[in-house]
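Colleague: I would like to learn how to read a structure. Please take me through one, feature by feature.

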Amino acid sequence: MRGEFKSTLDAKGRMNFPVKLRDELGTSFVISKTIGEHCIKVYSKEDWDCLVESIRKMPQVKTAGIQRFLFGSAFEVEPDKQGRVLIPAPLREYAGLQTEIVIVGLEGRAEIWDKQNWESFNSSLDMDELMSAAMEMEI
């Protein structure tokens, strides 16, 4: 799952989800808040189940906040016949989604960003830090 795709939200909060990503995610998938960024994370049901299981293996005193943040904001969604997915209002508000949005494939998951926030994020990247990390990873 990779690539950058542009889409728009309609008045009801629906967006056309890219066919390429839908094919990889399956007939339904889970969307949730993202820790550290104001965007929406998209998980296949299998990847979501793995995340839930790994969190459950840890002591609840360590994970209670994460559980509330992630699980409390999670929604299982299924594209309609036209490939549209409804983004629930709490997630639209959290990610600051307006009309123009960007879906970014991240190898195994995806993120949904407001277009302006995505552009701001990209312009704030420190190329020296990226170069250093890339060299360390030998890419």
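This is a predicted model: local features need pLDDT of at least 70, side-chain atom pairs count only at pLDDT 80 or more; totals for chains, interfaces and linings use all residues.

Colleague: What is the order of the strands in the open sheet?

Modeller: Residues are numbered from 1 along each chain as its sequence is written, and side-chain values use heavy atoms, with hydrogens and water left out. Helices (H or I, at least four residues) and strands (E, at least two) are DSSP runs, numbered from the N terminus. Two strands pair if DSSP finds at least two bridges between them. Here six strands form an open sheet with antiparallel pairing, in the order β1-β7-β8-β4-β3-β5.

Colleague: Which strands stand at the edges?

Modeller: These are β1 (2-8) and β5 (75-77); each has a single partner strand, so one side of each lacks a neighbour in the sheet.

Colleague: How many bridges join β7 to β8?

Modeller: Five bridges join β7 (residues 100-106) to β8 (residues 109-114), and the two strands run antiparallel. In one of the bridges, valine 102 has tryptophan 113 of β8 as its partner.

Colleague: Is tryptophan 113 buried or exposed?

Modeller: Buried means under 20% relative accessible area, exposed over 50%, and partly exposed in between (1.4 Å probe, protein chains only). Tryptophan 113 has 4% relative accessibility, so this residue counts as buried.

Colleague: How many aromatic pairs does a search of the whole structure find?

Modeller: Rings of Phe, Tyr and Trp (its six-membered ring) pair if their centres lie within 6.5 Å; planes under 30 degrees apart count as stacked, over 60 as edge-to-face and the rest as tilted. The search finds seven pairs. One of them joins tryptophan 113 and phenylalanine 121, which are 5.2 Å apart centre to centre with 35° between the planes, a tilted pair. Phenylalanine 121 is partly exposed, at 27% relative accessible area. Ring pairs also link Tyr43, Trp48 and Phe71 into a cluster.

Colleague: Where is threonine 34?

Modeller: Threonine 34 is in the loop between β3 (29-33) and β4 (40-44). With a relative accessible area of 5%, threonine 34 is buried.

Colleague: What does threonine 34 touch?

Modeller: Contact means heavy atoms within 4.5 Å. Leaving out residues up to four places away in sequence, threonine 34 touches Cys39, Ile40, Lys41, Phe69, Tyr94 and Glu111. The side chain of threonine 34 also reaches the backbone nitrogen of lysine 41 at 3.2 Å.

Key: A polar contact is a pair of N or O atoms within 3.5 Å; within protein, one must be able to donate a hydrogen and the other to accept it, and residues adjacent in sequence count only if both atoms are side-chain atoms.
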